[in-house]
Amino acid sequence: MNGTMLNDRSSILSLLETRRSGKPRELLDPGPTVEEMERILTIAARVPDHGKLTPWRFVTVADDQRDELAALLRGALAEEDASATDAHFAKEDEFAHYAGQLVVLISAPVENHKIPVWEQQLSCGTVGMNLLLAAHALGYVAGWVTGWRAYSPRVNAAFCEPGERIAGFIFIGHAARELEDRPRPELASVWRLWQPPQR
Ligand SMILES: Cc1cc2nc3c(=O)[nH]c(=O)nc-3n(C[C@H](O)[C@H](O)[C@H](O)COP(=O)(O)O)c2cc1C
């Protein structure tokens, strides 16, 4: 193996070992350029996919559509929570205007197919993870959130076709400050050698 490959390998490993999310509300502009977004989404789409069904897709929300997104979220909130206060509506305005690029990841499983929907949803999850990694590799910070918005019928109707659902809102931008890592599970707590059942 030559030195360059070793170097590549160690930087890829260090990338995988250091990826962490940023809080979307704390991100700063600029987000990725159009070319970088194409690259991020191309990498994101390169995932295991049993049956090659491509059971997911992306919807990006342009900068000049953020006001419309805010209006959608405010309308959905009013519909879902009669006790929502001004502060709650203001939070939706803020969410819709978070910095960076916004990708809405859509789970689009093929129903009544021999590949179970569960496996198709798992494939969608790997897309989200790849997207985070690609953003990190390009020097950005990304954050994947759901919250009530991802489950709101009105918000879903604005992004999804029937049978689809929102897997997450993924914001990609820059960190305002050095990100703190969060505690990671002890390997020993998630790794067991298989014990075959006693016969
Ligand atoms: C499907 C999904 C939905 C999530 N939704 C939220 C959310 O609504 N709010 C939140 O604070 N974190 C949410 N998270 C967690 C963050 O995206 C992030 O992964 C975590 O805070 C930090 O872990 P990391 O640095 O390993 O990415 C979600 C994660 C996943 C996979």
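User: What should I know about the model before I start?

Analyst: Residues are numbered from 1 along each chain as its sequence is written, and side-chain values use heavy atoms, with hydrogens and water left out. The model is predicted, so local features need pLDDT of at least 70 and side-chain atom pairs count only at pLDDT 80 or more, while totals for chains, interfaces and linings use all residues.

User: How many salt bridges are there by the rule used here?

Analyst: Side chains of opposite charge can pair when their charged atoms come close. The rule asks for a side-chain nitrogen of Lys or Arg within 4 Å of a carboxyl oxygen of Asp or Glu. That gives six salt bridges. One of them joins E26 and R177, with N to O at 2.8 Å. E26 lies in the loop between α1 (3-18) and α2 (34-44) and R177 in the loop between β4 (165-173) and α8 (187-190), so this pair ties together parts 151 residues apart in sequence. Helices here are DSSP runs of H or I with at least four residues, and strands are runs of E with at least two, numbered from the N terminus.

User: Which residue forms a salt bridge with R57?

Analyst: E164 does, at 2.6 Å from N to O. E164 sits in the loop between α7 (153-159) and β4, and R57 in strand β1 (residues 56-61), 107 residues apart.

User: Is E164 buried or exposed?

Analyst: Buried means under 20% relative accessible area, exposed over 50%, and partly exposed in between (1.4 Å probe, protein chains only). E164 has 17% relative accessibility, so E164 counts as buried.

User: What surrounds R149?

Analyst: R149 belongs to helix α6 (residues 148-151) and is buried at 8% relative accessibility. Contact means heavy atoms within 4.5 Å. Leaving aside neighbours within four places in sequence, R149 is in contact with residues including L73, E92, F95 and F169. The side chains of R149 and E92 also make a polar contact at 2.7 Å. A polar contact is a pair of N or O atoms within 3.5 Å; within protein, one must be able to donate a hydrogen and the other to accept it, and residues adjacent in sequence count only if both atoms are side-chain atoms.
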